[in-house]
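Here are a few notes to read alongside the model.

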Amino acid sequence: MTDLINVILLGIIEGITEFLPISSTGHLLIAEHWLGARSDLFNVGIQAGAILAITLVYWKRIWELLTQWREPATRDYLFKLTAAFLITCALGLVVTHFGFKLPETVTPVAWALVICGFWMIGAEALAAKQADRTEVTWLVAILVGIAQMVAGVFPGTSRSGATIFAAMLFGTSNRAAATEFAFLVGIPTMYAATGYELLRVWKDGGAAHEDWSALIVGFVVSLIVAFIAVKWLLGYIRTHRYTVFAVYRIALGVALLLLLPGA
């Protein structure tokens with residue numbers, strides 16, 4: 001029963017934090033410090049639940065993009081989504097080849113939380129001074145692709161936070177438009193990354209001794225919670241800034257540095 005509760009808690013944490021700009025890596029690192037570390041396959045599985053959730057949230061928009069691609073505006077948006085995704089993939093191959101990635105330990109994750117929290121506050125203040133623009137430019141598409149890779153190299157940065165604020169700062173100042181583009185780019189990116197991790201774990205024999213019932217429970221919990229979290233976020237940002245998330249990140253990062261030094 002205790003293990004089941006831990007699995008449910010980890011699914012809830014993943015579902016809430018995967019798409020809110022507060023870093024799922026940082027929160028799972030903290031959670032596993034007290035709830036116990038899980039297998040790589042489990043972590044991949046609950047992330048897959050969150051990805052499926054955002055696919056369901058955006059299914060109408062995705063269907064529109066796929067069925068109305070002949071329209072110039074839709075085709076242009078698709079090209080930019082594709083470009084951002086391919087840039088992330090290309091940089092991902094380079095990073096994987098050379099092994100560029102900080103360790104997922106408390107200190108670097110905590111510093112990433114703090115630094116990116118201050119960056120979010122500054123970026124949103126600058127974006128607020130710009131005219132309200134919903135257009136996604138080619139510069140935004142390129143920078144969002146790069147931002148996804150930066151978030152992968154620096155655990156604790158937050159993929160959603162990095163991409164949303166890259167878009168807001170460099171052309172798409174409208175929060176809702178920047179968030180939609182960042183999330184839509186994230187769907188194929190995260191499916192690809194999850195598929196790669198799943199294949200790696202499977203080849204390494206990680207599936208042989210997996211607790212599949214726990215993985216399924218975590219997947220379902222993450223799916224449900226992520227769906228609710230994303231729907232809430234999309235409503236929240238219509239009338240609110242991201243400042244509260246930035247302040248939360250800074251407070252969490254400082255707390256980690258003070259409470260778990262060297263962990």
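1. A quick definition before we start: a helix axis here is a line fitted to C-alpha atoms over the stretch in contact, and the angle between two axes is taken between their N-to-C directions. Also bear in mind that this is a predicted model.

2. As for handedness, H3 passes H10 in a right-handed crossing.

3. Who touches whom in this pair? On the H3 side the contact includes Leu41, Phe42, Gly45 and Ile46, and on the H10 side the residues include Trp212, Ala214, Leu215 and Gly218. Sorted by class, the H3 and H10 contact has 19 nonpolar, four polar and one charged residues.

4. Next, find helix H5 (residues 72-98) and H7. The two axes come within 8 Å, with a crossing of roughly 35°, and the crossing is right-handed. From H5, residues such as Asp76, Phe79, Lys80 and Ala83 take part, meeting a group in H7 that includes Trp138, Ala141, Ile142 and Gly145. The class count for H5 with H7 is twelve nonpolar, four polar and two charged residues.

5. H7 (residues 138-153) also meets helix H9 (residues 175-203): here the axes come within 11 Å and cross at roughly 55°. That angle is why H7 and H9 count as oblique to each other. H7 passes H9 in a right-handed crossing. Ala141, Val144 and Gln148 of H7 make the contact with Phe181, Val185, Gly186 and Thr189 of H9. These residues divide into four nonpolar, three polar and no charged.

6. Now for the open space. How big is the largest pocket? Its volume is about 1,500 Å³. The pocket is lined by 43 residues, and those closest to its centre are Gln47, Lys101, Gly152, Ala193 and Glu197.

7. By class, the lining has 17 nonpolar, 16 polar and ten charged residues.

Key: Residues are numbered from 1 along each chain as its sequence is written. This is a predicted model: local features need pLDDT of at least 70, side-chain atom pairs count only at pLDDT 80 or more; totals for chains, interfaces and linings use all residues. Side-chain values use heavy atoms; hydrogens and water are left out. Axes are lines fitted to C-alpha atoms, for helices over the stretch in contact, and angles run from 0 to 180 degrees between N-to-C directions. Helices (H or I, at least four residues) and strands (E, at least two) are DSSP runs, numbered from the N terminus. Angles under 35 degrees count as roughly parallel, over 145 as roughly antiparallel, 65 to 115 as roughly perpendicular and the rest as oblique. A crossing is left-handed if the near helix is turned anticlockwise from the far one by less than a right angle, and right-handed if clockwise. Contact means heavy atoms within 4.5 Å. Ala, Val, Leu, Ile, Met, Phe, Trp, Tyr, Cys and Pro count as nonpolar, Asp, Glu, Lys and Arg as charged, and the others, Gly among them, as polar. On a 1 Å grid over the protein atoms alone, a cavity is a set of points where a 1.4 Å probe fits but cannot get out, and a pocket is an open set with protein on both sides within 12 Å along at least five of seven lines; lining residues have an atom within 4 Å of a point. Grid points are joined across faces, edges and corners, and a volume is the space filled by probe spheres set on the points.
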